[in-house]
Amino acid sequence: MFKMLIEMFVENFRSIKERQSFSLTKEAGGELEGNAFQLDTPNNVSLLRSAAIYGANAAGKSNFIRAIDTMKTIVRDSAKESQRGDKLPVTPFRLSRESLEAATEFEILFVAEGVKYQYGFSLTNNQIMDEWLFAFPKGRPQRWFIRAYDKEKEEYVWDFSSFFQGKKQLWKESTKANSLFLSTAVMLNSEQLKPIYDWFNDTLKVTGIGGWGPGFTAELCKSEEDKKEVLTFLKSADLDISDISLEPKKIESFFPDDIPVDLKQRLLSGLDGKEIVDIKTVHKDAEGNDVVFDLDDESDGTKKLFSFAGPWLDSLKHGKVLVIDELHDSLHPNMVKFLVKLFNNEKTNPKNAQLVFTTHETSILDQLVFRRDQIWFCNKEKDQSTTLYPLTDFSPRKGVDNLEKAYLAGRYGALPLVSNLEYLGGGNGQ
C-alpha cells in the first residue's frame, strides 16, 4: 500500500520562528516526468520522488531535519517512555521573548496504507498543548479527534467524532500531559490509529550528518540474496569490492581486563542473544587473488556508501521516506548524483520511495537531475530566524536557466554573506 510524505509544517523550533512549510507535491511542468508519480484516487495527487534543500551554514537546514526527527521521536516514544513531569525534547526560537514563551508546533500530511492523514500537535517543554488528526479515506476530510488545552481551566477539552472508534474514554484518561493521545491509544491497542503510528515508526527514516552506522547493511549481508544486492549497489557506485565477509566477534573482547566480574556479568546478560561482527571487505589483487580489508581501513566515502547501502536498498524495496542531513558529506559529487538517481528512476524505485536531503553539493543543481519543484532553499533572516522556500518562487525557465550558476551568483538567496578578511600577522604590525 502507498506510504509517502506530502507536506510538513514547523513553527517555533530552534532557528525556525515563523511557520514554515515544505511540500513534495508536484507542480505544473512537464520536465522529468519520471521524477514524480501519481497517486490513485481518492487521493488523486502527484508527488515528487525526491527534494534537495540548499542553504548557507547556520541557515537552519539541519534544524528542519531535526524538526522532522523530533516529531517522529515524540510520536514513537512519548507514551511508552515518558513519566509525569518529564521534559519534552523541543527548543523554541530563543531570540524572541514572544517565541520563547510560545508553543512549538509540528504538522504533517502523509499517506499510510493508501489513506491520506493530516496530523499535528503543539507543545512546550512541559506538556502537549494541542493535538489533532484528520483522515481522508474517501478523499473527503474526516475529523477523528481534537485535543486542546484550556489554560484558564487548566484542563484539556476533547472532541471525538463518530468516525473515530474504540475505547476513547480509556485512552483519554490514560493520556498524560506530556504524552500524545495518538501514542497512548496505540499502546493501548487502537487498531484504527496504528497505521499512523507505524508510518512514523517504520516508514519515516531520518539521519543526521554522520549517516547510519554499518550495522543495518551488515545485517542484510547475513542473507546471501540480500548480500548480492548490497554488492551490486556497491559495484554500481564504482567500488571495487568483490565480496563482504562477516566474522563473529566475542562480546567479552570489548570489556577491559580489569572490569569487575559481577559488572561484566550484568552487562553480558543485557546483551544476551546479540551478535557483534567484524565487517570485512574483499578486493581482488592484480593476479585475481582475494585481499581482505577491515571496513575501518576503507576510505570515509567507501564506509559511508557501505552504511548507506542497507537503508537505501530497504527504502527502495519497501517504499520508505528517507530524510538525510548533508548527503554530500564524504561523498564525491558523482556518488551523490548516483544515490539521488536511484530514487528519481521509476525502474529502481517502483514502490515510490521518497528522499529528502540537505546539501551544499551544487553540481547536481541541474535541470537534467531535478525538476524545478524539487529544489528548496533555507535562508537566515536579519533576526537570525530560518525561512524555507522553493525554487519555483523565482519562476526559473524550464530547460534554459543554469540553476547552479544562478544560485552561486546569489539570485535565489540562501548563500553565506562572506566578508574579505586580511590576516594581520607579524610581531611588528606589518
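Helix H9 comprises 19 residues and spans 28 Å from its first C-alpha to its last, close to the 27 Å expected at 1.5 Å a residue. The model is predicted, and the values given here were computed from it. A kink of about 30 degrees is found in H9 at Ala 309, shortly before the proline Pro 311. Of the 19 residues of H9, 15 are buried, so the helix is largely enclosed by the rest of the structure. Just after H9, Gly 319 adopts a positive phi of about 70 degrees.

H9 (residues 300-318) lies across strands E15 and E16 (354-358), and runs at about 145 degrees to E15. Both strands belong to an open sheet of six strands, ordered E11-E15-E16-E5-E17-E18, in which the pairing is mixed. The edges of the sheet are formed by E11 (204-207) and E18 (386-390); each has a single partner strand, so one side of each is left without a neighbour in the sheet. On average, neighbouring strands of this sheet are turned by 15 degrees against each other, direction ignored. Helix H5 (residues 194-203) also packs on the sheet, where it touches E11 and E15 (321-324). The direction of H5 makes about 40 degrees with that of E11.

Lys 380 has Thr 386, in E18, as its bridge partner. Strands of a sheet pair through backbone hydrogen bonds, in either a parallel or an antiparallel manner.

The structure holds zero disulfides. Two cysteines were examined for accessibility. Cys 378 has a relative accessibility of 1% and counts as buried. Cys 221 is likewise buried, because its relative accessible area of 5% falls under the 20% cut-off.

Most residues other than glycine have a negative phi. Positive values in residues other than glycine occur at Leu 32, with phi near 45 degrees, and at Ser 330, with phi near 70 degrees. Leu 32 is located in the loop between strand E2 (20-23) and strand E3 (36-38). The relative accessible area of Leu 32 is 28%, and the residue is therefore partly exposed. Ser 330 is located in the loop that lies between E15 and helix H10 (333-344). With a relative accessible area of 38%, Ser 330 is partly exposed.

Terms used: Residues numbered from 1 in each chain as written. Predicted model: local features only at pLDDT ≥ 70, side-chain atom pairs only at ≥ 80, totals over all residues. Heavy atoms only, no water. Pairing = 2+ DSSP bridges. Helix = DSSP H or I, 4+ residues; strand = E, 2+ residues; numbered from the N terminus. Axes fitted to C-alpha atoms, helices over the stretch in contact; angles between N-to-C directions. Contact = heavy atoms within 4.5 Å. Disulfide = S-S within 2.5 Å. Buried < 20%, exposed > 50% of the residue type's maximum accessible area, 1.4 Å probe, protein only. Expected span 1.5 Å × (residues − 1). Bend = angle between axes of the 7 residues up to and from the residue.
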